[in-house]
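Q: I should like to learn how to read the features of a structure step by step. May we begin with its architecture and then proceed to individual side chains?

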Amino acid sequence: KFLANGPYYGYPGTDGTFMSNFWAFLSQEHTLLSLRYANPVHPFSRRERLLFVFNSITWLFFLSALFANIDTHWALSAFFVALLTVPYNMIMRYLMECSCCIANDTMYSVGETFGLLIMMALGCGSLLWIIMGIIFAVQAGEAFVRSWILSQVQSYVIQALLCGIYVLYYLPSSREKFQENCKKFLPDESTDIVNYQQIASKVKGIEANDSWDTVFGPWWESGGCCAASLESKVRKSSVA
């Protein structure tokens, strides 16, 4: 739940700075970087990410071939293709991950089934983009190759920039919410705590190196620490 909500502050291992939280967010959300750096317990699995990336590449391939047949400079066409690819990726990622269902225990199985259907549809869609892309690419000739390569690079750069903007904009409010939780549950140590891994290490029976699914799953709801669950854990620790 913590990872599915895509928080902007408090990732385990972060030090409270913008760059630290930006990299943590980017490594989970970026189409390409997440293949290598995404947390293994993220609900958006590596298998799903591979299919997602493949579909994204074939979509961009199709758009690049299509725009290459339009009377526009190839560099400008590449930029337009990159701009159109980013929202497409966001929509497909949202549908595949179905984070709204992950955050709701009763809807989790529904989300899993829906995500599987979307994966099957994307597989068929990828074949369609490849076939149509080849048809347009043959017509466009050499201009297509330059546009395709440039648009691919630009789409990844634009996505990284958007992640940076998101973190820059939402980091203050996310940090404030985090600090409020720290003051409520760990008032004597809240000034030294900058991520949820540190909170977990303060609660008896939970080690800082436990999997995120165990440590953070029940605590994250609607973008914030689940107060009821955390309070219960702290109370049990105090009794012990």
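A: Helices and strands are taken here as DSSP runs, numbered from the N terminus. The model is predicted. Its chain contains 10 helices and two strands.

Q: In what order do the elements of the chain run from the N terminus on?

A: The order is α-α-α-α-α-α-α-α-α-β-β-α.

Q: How much of the chain counts as buried, and how much of the accessible surface belongs to carbon and sulfur atoms?

A: A residue is called buried if its relative accessible area is under 20%. Of the 240 residues, 47% count as buried. The accessible surface comes to about 12600 Å², and 64% of that area belongs to carbon and sulfur atoms.

Q: What share of the contacts join residues at least 24 apart in sequence?

A: Among contacts between residues at least 6 apart in sequence, the share is 65%.

Q: How is a pair of aromatic rings described?

A: The description rests on the distance of the centres and the angle of the planes. This structure holds 16 aromatic pairs. One of them is formed by F61 and F144, with 5.4 Å from centre to centre and 80 degrees between the planes, an edge-to-face arrangement. The pair links distant parts of the chain, since F61 belongs to helix α3 (residues 46-68) and F144 to helix α7 (residues 142-185), 83 residues apart.

Q: Are F61 and F144 buried or exposed?

A: The relative accessible area of F61 is 14%, so F61 is buried. F144 also counts as buried, because its relative accessibility is 7%.

Q: How are the rings of F62 and W129 arranged?

A: Planes under 30 degrees apart count as stacked. The planes of F62 and W129 stand at 20 degrees, with ring centres 5.1 Å apart, and therefore this pair is stacked. Here too distant parts of the chain are linked: F62 lies in helix α3 and W129 in helix α6 (residues 108-140), 67 residues apart. F62 is buried at 8% relative accessibility, and W129 is buried at 16%.

Q: Which residues do ring pairs link into a cluster?

A: The cluster consists of W59, F62, Y88, W129 and F136. F136 is located in helix α6. Its relative accessibility is 23%, so F136 counts as partly exposed. Setting aside residues up to four places away in sequence, F136 touches F62, A65, L66 and N69. The C-alpha atoms of F136 and A68 are 8.0 Å apart in space, although the two residues are 68 apart in sequence.

Q: How many salt bridges does a search of the whole structure find, and which side chains meet in a salt bridge?

A: A salt bridge requires a side-chain nitrogen of Lys or Arg within 4 Å of a carboxyl oxygen of Asp or Glu. The search finds one. The side chains are those of R93 and E29, at 3.4 Å from N to O. This pair links distant parts of the chain, with R93 in helix α4 (residues 74-97) and E29 in helix α1 (residues 18-29), 64 residues apart. Both R93 and E29 are buried.

Q: Why does the span of α4 agree with its number of residues?

A: The expected span of a helix is 1.5 Å times one less than its number of residues. The 24 residues of α4 should therefore span 34 Å, and the end C-alpha atoms are 34 Å apart, which agrees. Among the buried residues of α4 are S77, A78, V81, Y88 and R93.

Q: Where is L76, and is this residue buried or partly exposed?

A: L76 is in helix α4. With a relative accessible area of 41%, L76 is partly exposed.

Q: What does S147 contact?

A: S147 lies in helix α7 and is buried, at 2% relative accessibility. Leaving aside neighbours within four places in sequence, S147 is in contact with S64, W74, S77 and A78.

Q: Which residues form a nonpolar patch on the surface?

A: The patch is made of V145, I149, V153, V157 and L161, and together they have about 440 Å² of accessible area. V145 is placed in helix α7. Its relative accessible area is 40%, so V145 is partly exposed.

Key
Residues are numbered from 1 along each chain as its sequence is written. This is a predicted model: local features need pLDDT of at least 70, side-chain atom pairs count only at pLDDT 80 or more; totals for chains, interfaces and linings use all residues. Side-chain values use heavy atoms; hydrogens and water are left out. Helices (H or I, at least four residues) and strands (E, at least two) are DSSP runs, numbered from the N terminus. Buried means under 20% relative accessible area, exposed over 50%, partly exposed in between (1.4 Å probe, protein chains only). Contact means heavy atoms within 4.5 Å. Accessible areas come from the Shrake-Rupley method with a 1.4 Å probe; for residues, only the protein chains shown count as cover. Rings of Phe, Tyr and Trp (its six-membered ring) pair if their centres lie within 6.5 Å; planes under 30 degrees apart count as stacked, over 60 as edge-to-face and the rest as tilted. Patches are made of residues with over 30% relative accessible area and no salt bridge: like charges are joined within 9 Å, nonpolar side chains (Val, Leu, Ile, Met, Phe, Trp, Tyr) within 5 Å.
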